[in-house]
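Thank you all for making time this morning. I would like to take you through one structure, going from the whole to a few of its parts, and I will give each cut-off as the term comes up.

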Amino acid sequence: MQVGSLGIGAAVLATVAVVAAWPAALRAADLDVFVGAARDAAVPDAVIALRPHDASLSPPAAAPATKTIDQKNETFLPYVEVFRPGDSVVFRNSDQTRHHVYSFAPARQFEFVLTPGQSSAPLHLESTGAIAVGCNIHDHMITYLYVSDAPWTARSGADGHARVATLPPGDYDVSVWHPQLRPGQAPPTQTLHVDAANAAATLRFALALLPDLRRGPDRERVDY
Amino acid sequence: MSFRVRLASFLVVTLALLQIATALLVYGVTRRELVQQGEQQLVLASRAFARQLDDVSLRVADNVQVLTLDFALRSAIAQRDRNTVVSALRNHGRRVGATRMLLVGLDGTIEADSAESGAPLAKFPFPDLAESALEHPSAAVVAWDGRAYWIVVVPVTAPALIGLIAAAIPVDDPFLARLQEESTLPNAIELAAQTAPGKWEVLAHGNGTIALTPSVTSRSEGLPSKPVSLAVNGREYVALATRLESSDASAPIVAVLGYSIDDALRPYRSVASAWGVLLALGLVFGLVAALIIARGVSRPIEALAATARRIAAGDYSAPAPIAQRDEVGELALTLAHMARAIGEREERIRFQAGHDAITGLPNRVAAEAAIERELAQRDGAHGALLLITLARLPEITKTVGHGISDRVMRDAAARLRQAGGAALLARATDTEFLLWLPHVQEADAIALAFRALDALDEPYSEAEFRIDAAPAVGVALCPQHGTQFSPLLQRAEVALFAALNAEEPVLVYDPASDPHRPERLALMTDLRDAIERDELALHYQPKLHLPNGRIDGAEGLARWVHPRQGAIPPDRFIPLAEETGNMRRLTRWVLAAGIARARAWQRGGRHLRLALNLSVRDLEDAELPQRVGELLTAHGVAPDRLLLEITESAVMHKPEAAIRVLRRLADQGIELALDDFGVGQSSFAYLRRLPVRELKIDKSFLLKLAEGAEDRTIVRSIVELGHRLGYSVTAEGVSDQATLDYLTQIGCDHAQGFFIARPMTAEALDAFLAAAEPATP
């Protein structure tokens, strides 16, 4: 399981530790979501958001965190990062070139140039939504800051699997977001019922994805 | 049509046909090739056209894509700065050659429009293009407001997808023209949109001037996706319609590509005209060559034909030699040989036709022609025709054969040629030569005749034979005996026969003695008429029975009194009748008249035996005995009342036949007498075979009986001998009493003669008998 951020990773680890301590009393379940595209190709970097129908099931909010988006080899790393409102983001330029980092996203708009080795000041993220960040010098550099207030979020790994551990029994809306989903449309959502008797649950999402903008437009193909 | 013309025509026509066929073949092949080439080109061109559109799409999309990356534009879009966006769109639109640029929201709404006029659009009219542009730039040719546009839609990212920019680039005539110029596209390209089912509207055409679309789209088979041939305004095209991928929202659009066969053929026009000139030159050259060749062939043939005509006309002189070592030359040589051979053969035939094969002399026909020719040339001049015969030649032939007689004739011919000198010598018949002496009178002719005889006098001798051919000559003179060959020959022949008969060596024709004179023929006709008209009369000369001094018989003698010539003696008309075949007719009349008279005598109680003469011709008549018998029966006359007299010579002519006839007469009881007995050649031995009862001593013995003791002895011997042999004997020609007395004295049975009575008519005989009756009781 790949952990997107240290903060969340620690919380999950803590939760796992709790479940391990009181498995019978909590009766929690693990959720495994598989995100696939056409022909079941694994879709990495999809963000799974779970919202319980019963708000009381939500775990307590974690403390605001600051996450760093590195710029290495003219690539934003990671491609998708999940934030909670109140989190901050820092852009670090690990390349030998300048990077002109910008965003026109309604959730957070900014623009600055990072010289090699420079890190930006932390940018506070308050509004939810996907913030597409690009480099005006390198069109193929793009990263998404996904700001979500959902109690559980998870990011799919290279194998397309996103896992959420120790879900309390109950009903959930499970939505998925991905940068290549068609913009302007509601994210695909499924409801999930976690039964106390079942220790594991699985979900599958099949997404129709647009081309990966990191690769730039397909210069050899223009559709008539 | 002459051979030459035909040959020339054949060559020229062959040449022309060959050329035309080649031209047609080349034209067909070229044209087919061009059409195929055109079709291939069209297919390639349609692909190329599509590729070019792709390229343009890429380029335009690239350009537009680059525009979208403009940070200012992106920020203006992202920040919804509409005015800035519109101005930027206009600016960028000019850069890529778009006449209209649109900013399309992700939901399809028009967020900005570079168009300065016209109704503002709410929705992007080609949603399918916008849809696919979300994934990658899309482009399509669309029909939009009656024009063709190149619509390129590219996504705008900032850096996420925030909208679409659509560029509308007009696909107009200059656009197509540019495409054509930049490539090998055919010069006829049209873009057409289907405005209604089956109805197509041309949106753009390149620099082509021909409207192909109506012809292409009006085809009942539909749009030709493969190359088809069609005619537009009388010009031929290969055309192809390529459906262009368009927006679903647009009317269907096709690109019509045409390939002009005529244009493709244009470079070949000059080739064709050059070809035509070559063909004409070839024809002229061929014609001249053909005429020359044909002349080379036909001239000798014409010469040969002329030669053949000459040969046909009888000119066998050698034809002009043809110095050709081919079939014609050989033919000419053969023709020359043939002409020579024909000439020789004709010469031989002509010689044979005009010459006698044995003696080599001209034959009668040739001689006649030559003599007639000469006679015609010199009218009425003198000449003599000598006819020389070897009288014994038939006998020689029969005795020793034709071989020797031929050699005899050849020898005689040689001798006569020598004797005759320049005279024309010919062989007239098997046994006769003919010698024509021009310009000679009778004396010279006779002299030459004797010379000829002298030449033939020496007998022909060969081995053991010595042959005396007994030559004789008859001469006819021109103009006395005729002025033409035919009468001259005939008269010479008469003279020759006369000479043979007279045993004279040479005789000149004598008209008086000619038995074949024309007047004899007239007399003949008269005699026949006389017999038919019963103009002849039968006179009777009484026969005196010497022992009792009574007339007991009479000899009937025919008499003819010609209406104009008067009495004609029997020795004139009887030979005539014998020679002209009228003897039997005469005999029949004599028998009829005589037997009728005998009946009258029988009825009148006169015991007279009628004696009638039979000719040599009668003895050849096998029907004679029957006819005589019938006459006797018809008249009721006893056979023994008739005595038929025949001459010795008549019997000797054809003895066997004569004896048969005589036997049959004798068998009927008819008495037979041998007339003119004593001068013939018959022997008694022969006589014994004849059924004769009576001998009539020839009157030559009796005429001078009174003076000649010899004759008396002969007569008496005949009488005695006759009696001893059982014949009764009659003496005729009794002309005096002494003779009668002597006959009575030697016991002759009957006497007849002027002294007793001349021949007389039947009435006179009656009177004569009546007068004599009383004297003899």
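This is a predicted model: local features need pLDDT of at least 70, side-chain atom pairs count only at pLDDT 80 or more; totals for chains, interfaces and linings use all residues.

Residues are numbered from 1 along each chain as its sequence is written, and chains are lettered from A and ligands numbered from 1 in the order in which they are written.

Let me begin with chain B, whose secondary structure comes to 23 helices and 26 strands; helices (H or I, at least four residues) and strands (E, at least two) are DSSP runs, numbered from the N terminus. Of the 777 residues in chain B, 37% are buried, where buried means that 20 or more other C-beta atoms, placed from the backbone, lie within 10 Å of the residue's own.

Within chain B, 5 strands form an open sheet in the order β2-β1-β5-β4-β3, with antiparallel pairing; two strands pair if DSSP finds at least two bridges between them. The edge strands of this sheet are β2 (110-113) and β3 of chain B, each of which pairs on one side only, and neighbouring strands are turned by 25 degrees against each other on average, direction ignored. Between β3(B) and β4(B) (residues 147-157) the antiparallel pairing extends over 7 bridges, and W144(B) has R147(B) of β4(B) as its bridge partner. Helix α2(B) lies across β1 (100-104), β4 and β5 (161-170) of chain B, and runs at about 115 degrees to β5(B).

What is the geometry of two packed helices described by? By the angle between their axes and the distance between the axes. Here axes are lines fitted to C-alpha atoms, for helices over the stretch in contact, and angles run from 0 to 180 degrees between N-to-C directions. The axes of α7 (residues 261-313) and α8 (residues 327-354) of chain B come within 10 Å and cross at roughly 10 degrees, and α7(B) and α8(B) are therefore roughly parallel to each other, a label for angles under 35 degrees. Their contact residues divide into 11 nonpolar, 1 polar and no charged, with Ala, Val, Leu, Ile, Met, Phe, Trp, Tyr, Cys and Pro counted as nonpolar, Asp, Glu, Lys and Arg as charged, and the others, Gly among them, as polar.

Turning to the two chains together, the contact takes 26 residues from chain B and 21 residues from chain A, two residues being in contact if their C-beta atoms, placed from the backbone, lie within 7 Å. On the side of chain B that touches chain A, the largest share, 5 residues, comes from α1(B), and by class that side has 14 nonpolar, 8 polar and 4 charged residues.

Finally, in chain A, strand β11 (residues 142-147) is mostly covered, as 6 of its 6 residues are buried. I142(A), Y144(A) and Y146(A) point one way from β11(A), whereas T143(A), L145(A) and V147(A) point the other way. β11(A) pairs in the parallel sense with β5(A) (residues 80-83) over 4 bridges, where E81(A) stands opposite L145(A). With β10(A) (residues 129-135) the pairing of β11(A) is antiparallel, over 6 bridges, and these two strands form a hairpin with 6 residues between them.

Methods: Angles under 35 degrees count as roughly parallel, over 145 as roughly antiparallel, 65 to 115 as roughly perpendicular and the rest as oblique. A residue is buried if 20 or more other C-beta atoms lie within 10 Å of its own, exposed if 12 or fewer, and partly exposed in between; C-beta atoms are placed from the backbone.
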